[in-house]
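Thanks for coming. I will go through one chain today, starting with the terms and then moving from element to element.

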Amino acid sequence: MQRHPHQGRALGDGVGVARGEVVEHRDLVAVGEEGSGHYAADVAGSTRRPGRACRHLRAAEEVEPVVSARPAVQALPAYRPGRNPADLAREIGVERAVKLASNEVAFPPLPAVVRAIADATGETNRYPDNGAVVLTAALAERYGVDPAQIATGCGAVTLCQELAQAYTEPGTSIAFAWRSFEMYPLLAQVAGARAIQVPLVPGREGGPADTHDLDGLLAAIDDTTRLVFVCNPNNPTGTAVRRAELERFLDAVPATTLVVLDEAYREFVDDPDVPDGIELMRGRPNVAVLRTFSKAWGLAGLRVGYLIAEDPAVADAVRRTHVPFSVSMLAQAAAVAALASEDEVRDRCAAVVAERARLTAALRERGFDVADSQANFVWLPLGERTAELAGALEARAVITRPFAGEGVRISIGAPDENDALLAALDAAAGERADGAPAR
């Protein structure tokens, strides 16, 4: 496209625009979609209003793009994190909003972590250790494995992406339960692999579909399946598979398929029959385990995850797809300090588990069907009521994570935050009883 040097740049010139189409993947919403201002239609909650951006998108439809992304990338929905509580508080005119949407821990950073970060800041003019040697050694000692069995990454989700890059390509497939961690289907889409989604099944008689169907997952694996993700405990339902069924599954999976036990919430498990994936990994060369420092260890803002594989070749393959220097110097120092504070972390996890039990009981008293969770969140399987309840809570300054048409995930917060949630639920229920809409 040629233009006069003083001519303004045409919309779409030099960029690929997917014709302003909205591509939804349940709770994920495509880049370029404008918020509708109506919670049920825009359940993930952007507060932007339609206007100039919509007109720009329509104008862009008329301009042929010069450089276009791959169709698979253009069709990708964008991940939408939970809303910023300060933004919501300003919007609805309250002093404070509570965020129970992102499965963070409510505790502040560990004192040893704060000191380690402060000490490391004086070296941030240098690149971090690309191999994370000190952190890797600490993890190897913690879990009794060889450092060659470990790969670190910028959060467990980045390791998921690196696994997909290392093991899949067009003509292969990735299998996982659904609903589960929302990045799994996107990993397959970017890699050009086929996503095999196996529906959840009821974990208890008469209950909602909220638990892995390992028999169904095993039956779905075929000659093209290179990766299987088992999220245990499962995000967003909080349920977990038990030792005997998981052992049977692992023993039956073909040796040419890598099973990844995604255990981001392992530290909150209190059921002794829910196995430690690292124990089950031992002696099974096609099994790897993912863990993260973002949840129990309180490093969500620093992004550190790690993979441990029985076969060192798996960790090596992941390291080969690693983005150089993506685990920052501060993150590495913080993770090492957190590992040295494990007793304090255990105490914090015990407090979260106790608060989880209190919140679960309170929700059941209010008539909600809540399964026993093994994570730091609970799941309300509300179906078509999801958007209504999430919107009612947000109007009362409580942010949760809705999955449109399925349910609401509620992170376990501090006791006062959970009390604010319960009060908001009671207020919403009171409005419904009075005949007023639970906005």
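When I say helix or strand, I mean a DSSP run, H or I of at least four residues for helices and E of at least two for strands, numbered from the N terminus. This is a predicted model, so to speak of a local feature I need pLDDT of at least 70, and side-chain atom pairs count only at pLDDT 80 or more, while totals for chains, interfaces and linings use all residues. Residues are numbered from 1 along each chain as its sequence is written, and side-chain values use heavy atoms, with hydrogens and water left out.

First, the overall numbers. The chain has 15 helices and 17 strands. Of its 439 residues, 49% are buried; buried means under 20% relative accessible area, exposed means over 50%, and partly exposed is in between, with a 1.4 Å probe and protein chains only. For contacts, the criterion is heavy atoms within 4.5 Å. Taking contacts between residues at least 6 apart in sequence, 71% join residues at least 24 apart.

Two strands pair if DSSP finds at least two bridges between them. In general, strands of a sheet pair through backbone hydrogen bonds, either parallel or antiparallel.

What does E13 pair with? Strand E5, residues 150-153, is joined to E13 by 4 bridges and runs antiparallel to it. E12, residues 287-292, is joined to E13 by 5 bridges, also antiparallel. Leucine 307 in E13 stands opposite alanine 151 and opposite leucine 290. A further bridge pair is arginine 291 with tyrosine 306 in E13.

E12 is covered as well, with 6 of its 6 residues buried. Val287, Val289 and Arg291 point one way, and Ala288, Leu290 and Thr292 the other. Strand E11, residues 258-262, runs parallel to E12 and is joined to it by 4 bridges. There, leucine 261 has valine 289 in E12 as its bridge partner.

A separate item is the open sheet of 3 strands in the order E14-E17-E16, with antiparallel pairing. E14 (377-380) and E16 (401-403) stand at the edges with a single partner strand each, so one side of each has no neighbour in the sheet. E14 and E17, residues 407-411, pair over 4 bridges, and phenylalanine 377 stands opposite serine 411 in E17.

On to the helices. How do H6 and H11 cross? The axes of H6 (residues 156-167) and H11 (residues 312-320) come within 8 Å and cross at roughly 100°. Axes here are lines fitted to C-alpha atoms, for helices over the stretch in contact, with angles from 0 to 180 degrees between N-to-C directions. That makes H6 roughly perpendicular to H11, a label for 65 to 115 degrees; under 35 is roughly parallel, over 145 roughly antiparallel, and the rest oblique. H6 contributes Leu159, Glu162, Leu163, Ala166 and Tyr167, and H11 contributes Ala313, Val314, Ala317 and Val318.

H12, residues 329-339, has 8 of its 11 residues buried. Its buried residues pack against H4 (111-120), H5 (133-143) and H13 (342-365). Serine 341 lies in the loop between H12 and H13 and is buried at 13% relative accessibility. Leaving out residues up to four places away in sequence, serine 341 touches Leu110 and Ala112.

Last, the backbone. Most residues other than glycine have a negative phi, and most peptide bonds are trans. Which peptide bonds are cis? The bond from tryptophan 178 to arginine 179 is cis, with omega near 5°, and the bond from asparagine 232 to proline 233 is cis, with omega near 0°. Asparagine 103 has a positive phi near 60° and is buried at 1% relative accessibility. Phenylalanine 325 also has a positive phi, about 60°. Phenylalanine 325 sits in the loop between H11 and H12 and is partly exposed at 38%.
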